[in-house]
Amino acid sequence: MKSKTIKTDASWETLLEEFRGFGGTAINIVQRHGDLGLGLFPADPTQPVELHLPQKLLVPADLVDLKQGNIIIKNDSAFPKGFSEWF
């Protein structure tokens, strides 16, 4: 079977690497535009996709705010170091 080369944006790959560094799992996933706009799709549709967000990375809505057009975490003390900047 010939393997496919999937071209992905470097910033997307950096985002995924950082996500994995916080304990998340993202395997065989790319971001691109689809029929409904920007979304997540399998990099290789013949392979399974694995996406897992650990409980410790779930941000309650009451801790999220919008400041000058940026989404921020109001109190990041319960999250891993650097997570609020990544978020």
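Helix α1 spans residues 10-21 and contains 12 residues. From its first C-alpha to its last, α1 reaches 16 Å. This is close to the 16 Å expected at 1.5 Å a residue. Three residues of α1, Trp12, Leu16 and Phe19, are buried. They cover an arc of only 60° around the axis, so they lie on the same side of α1. Ala10, Ser11, Glu17 and Gly21 sit on the other side of the helix, where they are exposed. The buried residues of α1 pack against several elements of the chain. Four of these partners are strands: β1 (25-27), β2 (29-34), β3 and β4. The helix α2 (83-86) is also a partner. Just after α1 comes Gly23, which takes a positive phi of about 110°.

The structure is a predicted model. Confidence was therefore examined along the chain, with pLDDT as the predictor's confidence in each residue. The mean pLDDT of the chain is 88. Of its residues, 91% reach 70 or more. Among the elements of the chain, β4 has the highest mean pLDDT, at 97. The lowest mean belongs to β2, at 90. Residues 1-6 stand apart from these elements in the account, as their pLDDT stays under 50. For residues 1-6, the model has 4 contacts beyond four places in sequence. Where pLDDT is low, the predicted coordinates should not be read in detail.

Strands β2 and β3 form a hairpin, with 2 residues between them. Their pairing is antiparallel and runs over 6 bridges. Val30 stands opposite Phe41 in β3. Gln31 stands opposite Leu40 in β3. In a regular strand the side chains alternate between the two faces of the sheet. The loop between β2 and β3 holds Leu36. Leu36 has a relative accessibility of 90%, so Leu36 counts as exposed. Leu36 and Asp62 are 26 residues apart along the chain. Their C-alpha atoms are separated by 28 Å.

A further loop lies between β3 (37-42) and β4 (50-52), and Asp44 is found there. Asp44 is buried, because its relative accessible area is 18% and the cut-off for burial is under 20%. The side chain of Asp44 makes a polar contact with the side chain of Thr46. The distance of this contact is 2.7 Å.

Helix α2 includes Ser84. Ser84 counts as buried because its relative accessibility is 17%. Neighbours within four places in sequence were left aside when the contacts of Ser84 were listed. Beyond those neighbours, Ser84 is in contact with Ile73 and Asp76.

Technical notes
Residues numbered from 1 in each chain as written. Predicted model: local features only at pLDDT ≥ 70, side-chain atom pairs only at ≥ 80, totals over all residues. Heavy atoms only, no water. Helix = DSSP H or I, 4+ residues; strand = E, 2+ residues; numbered from the N terminus. Buried < 20%, exposed > 50% of the residue type's maximum accessible area, 1.4 Å probe, protein only. Polar contact = N/O pair within 3.5 Å; in protein donor to acceptor, adjacent residues only side chain to side chain. Expected span 1.5 Å × (residues − 1). Arc of directions from axis to C-beta. Contact = heavy atoms within 4.5 Å. pLDDT = per-residue confidence, 0-100. Pairing = 2+ DSSP bridges.
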